[in-house]
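Morning, everyone. Please bring up the model on your screens, and we will walk through it together.

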Amino acid sequence: MMDAILTTYQGAFLGPIARVLGRILEAIYYVLELVGIQNTGICIILFTFLVNALMLPLQIKQQKFSRMSSIMNPELMAIQSKYKNKKDQASQQKMSLETQAVYQKYGVSPASGCLPLLITFPILFALYRVIYNVPAYVQQVYDIYEGLARSMQNMGVTVEQLSKLIETPTYVITDAVNHAKEIKDITEVDLHYYVDILGQFNSTVWKELAEKYPSLAGEIKRVSDDSTHINSFLGMNIADAPKFSSLSLSIPVLSVITQIISTKLSMAGMAQNQQNNADNPTAASMKMMNNIMPFVSGFMCFMFPIGVGIYWVAGNVFRIFQSLGINLYFSKMDLTEEINKNVEKKKKRFEKMGIDPNASMQDLKNQKNAGKKQEKKTTNVSEVAKNIKKSDYKRPNNTKYEEGSIASYANMLNRDNSSGSDK
């Protein structure tokens, strides 16, 4: 693995993540090889399943926040509607306080919904980098191409000349060519850059290479056969792009179908008022994107090797079973009890920090700026919550909470006028 470090993705942020994932991929390939299986397609599927499984706790956390949001969003939308045309500073501060009041009553932090995404996205992008350049991360695969790479170099063939055999250069090829160009003496160009190019060859390009360099035809055929052997998956060469006239067409089709099913299942647990609220532009945009993206991914499958499509399909299949399991898990969960736990955890955390759990956000800021001469007075979040009128929002008839539960108290925008608080 260390021998191939030069052409692994070198991005300052995604690079280290990609190299860790590359170690995992290499370990999977090694284990499969021990039992007589040398197949990159199977390796990619197991690799995708394993990495997604490691991210499962983050996905559960994200889904939990989504379900909490489905309860809070009507109240948050009502607050936004209330201050829709009020752009003055005082109104904006009140809107902020009322919004914070909703989050505080549910014991939820707005950042808790973003954090899992901020962690999973870099992993997924790095995962793609590894899938797209397997020889750079798996030593056993690199060894298949190394001998031919040395022969091509000894003949005076440059990395750029090899790259011209591929009609559509990928970022892997572009990077290899650019780095090789910086070295004037061809004998000093590292073999890894040659391997990067050879690793992107499909069956058509291998034939062209043999015709162009007949003196190396025997060695080229051997490497081509070895490459085809490890890249063969259900009668397809995963280095080739899908074609309409072959079995490979099933990859784009499966990509569309599995992504549609995965999306439907992941949204199944969301409240209808969140998904279909015409006044919520974010929800409308998300719904449109969910409807379009499966077909976009299917179209993109034709632009990449079959191996990338297998990675997408495998990821979708995993998320289908993941969504089924998560939906079953949350169907047995009492959200009222979870809200209670969230509130208690937040109170204990504040108490450990020496902060009054009932203090407003502005009060907390004032505590940090205690050295300043003047401190602005602000309305306590709890008081703001009590003063929100029933007319601002009416709870849907199909929403029920246990009498006296924290969830019933958290629905601050549905106050009873008979209580006298709004009189």
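Leucine 234 has a relative accessibility of 64%, so it counts as exposed. Keep in mind that this is a predicted model. Where does leucine 234 sit? It is in the loop between strand 1, residues 232-233, and strand 2, residues 236-237. Now look at its backbone. Phi of leucine 234 is near 55°, a positive value in a residue other than glycine. For context, most residues other than glycine have a negative phi.

Now the overall picture. The protein has 19 helices and 2 strands. It has 423 residues, and 45% of them count as buried. Next, the contacts along the chain. Take the contacts between residues at least 6 apart in sequence: 75% of those join residues at least 24 apart.

On to the helix pairs. Two packed helices are described by the angle between their axes and the distance between the axes. I have two pairs to show you.

The crossing is right-handed. Which residues meet here? From helix 6 we have Tyr142, Tyr145, Glu146, Leu148, Ala149, Arg150, Met152 and Gln153. From helix 9 we have Leu191, His192, Tyr194, Val195 and Leu198. By class, this contact of helix 6 with helix 9 has 9 nonpolar, 2 polar and 2 charged residues.

Zoom in on one of them. Valine 195 belongs to helix 9. Is valine 195 buried or exposed? Its relative accessible area is 1%, so valine 195 is buried. Set aside its neighbours within four places in sequence, and valine 195 contacts Pro135, Tyr142, Tyr145, Glu146 and Ala149. Valine 141 is 54 residues away from valine 195 along the chain, and their C-alpha atoms are separated by 9.8 Å.

Now step off the end of helix 9. Glutamine 200 is in the loop between helix 9, residues 191-198, and helix 10, residues 203-212. Why does glutamine 200 count as buried? Because its relative accessibility is 14%, and the cut-off for buried is under 20%. What does the side chain of glutamine 200 reach? The backbone oxygen of tyrosine 132, at 3.1 Å. Not counting residues up to four places away in sequence, glutamine 200 touches Tyr132, Asn133, Ile166, Thr170, Val172 and Ile173.

Helix 3 passes helix 15 in a right-handed crossing. Helix 3 brings Leu56, Gln59, Ile60, Gln63, Lys64 and Arg67 to the contact. Helix 15 brings Gln322, Ile326, Asn327, Tyr329 and Phe330. Sorted by class, the contact of helix 3 with helix 15 has 5 nonpolar, 4 polar and 2 charged residues.

Last stop, arginine 67, in helix 3. Arginine 67 counts as buried, because its relative accessibility is 6%. How far apart are arginine 67 and phenylalanine 330? In sequence, 263 residues; in space, 8.9 Å from C-alpha to C-alpha.

That's the tour. Over to you for comments.

Note on methods:
Residues numbered from 1 in each chain as written. Predicted model: local features only at pLDDT ≥ 70, side-chain atom pairs only at ≥ 80, totals over all residues. Heavy atoms only, no water. Helix = DSSP H or I, 4+ residues; strand = E, 2+ residues; numbered from the N terminus. Buried < 20%, exposed > 50% of the residue type's maximum accessible area, 1.4 Å probe, protein only. Polar contact = N/O pair within 3.5 Å; in protein donor to acceptor, adjacent residues only side chain to side chain. Contact = heavy atoms within 4.5 Å. Left-handed = near helix turned anticlockwise from the far one by under 90°. Nonpolar A, V, L, I, M, F, W, Y, C, P; charged D, E, K, R; others polar.
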